[in-house]
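Try each task before you read its solution.

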Amino acid sequence: MTVVAGIGPDGRGMHAVHLAGRIAASTEEDLLLCCVVSDAWGRGSAASGADADWRRHLEGMATEAMAEARTIPPPEVRVDAVVRTARSVPRELVTASERADASILVVGSAGDALMGHVALGNVSTWLLHRASLPVALSPRSFWSEPTDRLERLVLAVDSDAAVDSALDATTLLARRAGVGLGLVTFGVRRLPALPDGGGRRADDAVYEAWREQIDAFQARAASLVEETGVPVTDRIVAVADSWRGAVNKVHWREGDMLVMTSSREGPVRRIFLGSNAPRIMGHVPVPVLTLPRR
């Protein structure tokens with residue numbers, strides 16, 4: 001199996017190479033660096049003139065970016081590199097991943113992401129609504145030393161369906177990396193707008209019922225995970241009055257990667273983010289892996 005890292009011809013996405021190198025070293029997989037030169041005007045056949053000059057300029061930049069990217073992964077990781085020209089960058093990244101029988105495609109966050117956090121750009125937004133393989137997002141300026149490895153996967157669950165969809169892929173990755181698995185459920189509990197005499201305590205019964213349901217989901221998930229031989233390190237219910245507050249309830253560690261499942265409303269065997277996933281991603285200070293719906 002192979003981990004694929006997508007980088008831009010101008011060198012954007014080097015933090016994706018850091019994350020891809022860490023994953024490949026942890027799982028003992030090969031690493032393919034894929035740089036796609038955008039051919040937005042569909043003139044890929046032009047052999048001369050301004051179009052060809054511009055494309056040669058971009059391909060030269062891509063070659064230099066590849067040379068720099070090859071120096072990043074740990075030395076024990078076998079690295080290969082390809083430069084492609086295509087109208088759709090994300091579509092070509094998926095095509096290259098399928099040709100390489102990739103286990104994970106890794107891309108970087110948008111350039112305007114907060115330092116150390118994840119934000120979706122054009123490429124990642126496309127991938128997280130259409131890709132047919134797991135896609136990992138690296139936080140902006142993510143950095144990994146050659147000796148760094150994955151140390152814990154944190155699987156976000158909120159239903160039996162989410163557990164069933166993510167269990168096989170997550171435990172397989174955990175076994176390959178030799179790490180444990182934490183379970184987390186995020187929730188937002190805001191002060192309800194109720195008439196006089198209401199307030200936060202007015203929804204206590206509803207909240208307690210939700211907690212009992214989540215405890216049951218997590219207990220079942222922990223049992224299924226441990227049947228695969230993967231240890232469950234934590235069971236966390238992170239609730240606050242905002243998504244930022246809920247995410248901050250988790251004690252994140254260096255070497256963590258959050259695993260999220262696709263929305264139940266999306267197509268089978270495709271990634272499709274629900275409405276809450278981007279809100280959670282935007283506050284998480286670790287890489288995020290999103291799985292296709294199964």
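**Exercise 1. Which residues are buried in helix 4?**

Before we start: this is a predicted model, in which local features need pLDDT of at least 70 and side-chain atom pairs count only at pLDDT 80 or more, while totals for chains, interfaces and linings use all residues. Residues are numbered from 1 along each chain as its sequence is written, and side-chain values use heavy atoms, with hydrogens and water left out.

*Step 1.* Find the helix, which spans residues 122-130. Helices (H or I, at least four residues) and strands (E, at least two) are DSSP runs, numbered from the N terminus.

*Step 2.* Apply the burial classes: buried means under 20% relative accessible area, exposed over 50%, and partly exposed in between (1.4 Å probe, protein chains only). The buried residues of helix 4 are S124, W126, L127 and L128.

*Step 3.* Recall the geometry: an α-helix has 3.6 residues a turn, so residues three or four places apart point the same way.

*Step 4.* Look at what lies over these residues, taking contact as heavy atoms within 4.5 Å. The cover includes helix 3, strand 4, strand 5, helix 8 (277-281) and strand 10 (288-291).

**Exercise 2. Describe the surroundings of S138.**

*Step 1.* Check its accessibility. S138 counts as buried because its relative accessibility is 0%.

*Step 2.* List its contacts, leaving aside neighbours within four places in sequence: H15, A16, L19, V107, G108, S109 and V118.

*Step 3.* Take one of these partners, G108. G108 and S138 are 30 residues apart in sequence, yet their C-alpha atoms are 5.0 Å apart in space.

**Exercise 3. Which residues lie nearest the centre of the second largest pocket?**

*Step 1.* Settle the terms. On a 1 Å grid over the protein atoms alone, a cavity is a set of points where a 1.4 Å probe fits but cannot get out, and a pocket is an open set with protein on both sides within 12 Å along at least five of seven lines; lining residues have an atom within 4 Å of a point. Grid points are joined across faces, edges and corners, and a volume is the space filled by probe spheres set on the points.

*Step 2.* The second largest pocket holds about 610 Å³ of space. Its lining has 24 residues, with G8, D10, R12, V89 and V123 nearest the centre. Two or more lining residues come from each of strand 1 (2-7), strand 2 (30-38), helix 3 (89-99), strand 4 (102-108) and helix 4.

*Step 3.* Sort the lining by class: 10 residues are nonpolar, 11 polar and 3 charged. Here Ala, Val, Leu, Ile, Met, Phe, Trp, Tyr, Cys and Pro count as nonpolar, Asp, Glu, Lys and Arg as charged, and the others, Gly among them, as polar.

*Step 4.* Look at D10 and R12, whose side chains meet in a salt bridge (2.8 Å, N to O). A salt bridge is a side-chain nitrogen of Lys or Arg within 4 Å of a carboxyl oxygen of Asp or Glu. D10 is partly exposed at 40% relative accessible area, whereas R12 is exposed at 63%.

**Exercise 4. Find the salt-bridge partners of E92.**

*Step 1.* One partner is R84, with the closest N and O atoms 3.9 Å apart. Another is R99, also at 3.9 Å, N to O.

*Step 2.* Compare accessibility. E92 is buried at 14%, R84 is partly exposed at 28%, and R99 is exposed at 57%.

*Step 3.* Elsewhere, R152, D234, R253 and D256 are linked in a network of them.

**Exercise 5. Explore the largest cavity and S144 in its lining.**

*Step 1.* The structure holds 1 cavity of 30 Å³ or more, and the largest cavity has a volume of about 30 Å³.

*Step 2.* Its lining includes V17, H18, R22, P73, S144 and D148. By class, the lining has 5 nonpolar, 3 polar and 3 charged residues.

*Step 3.* S144 sits in the loop between strand 5 and strand 6 (152-156) and is buried at 7% relative accessible area.

*Step 4.* Beyond residues up to four places away in sequence, S144 touches H18 and R22.
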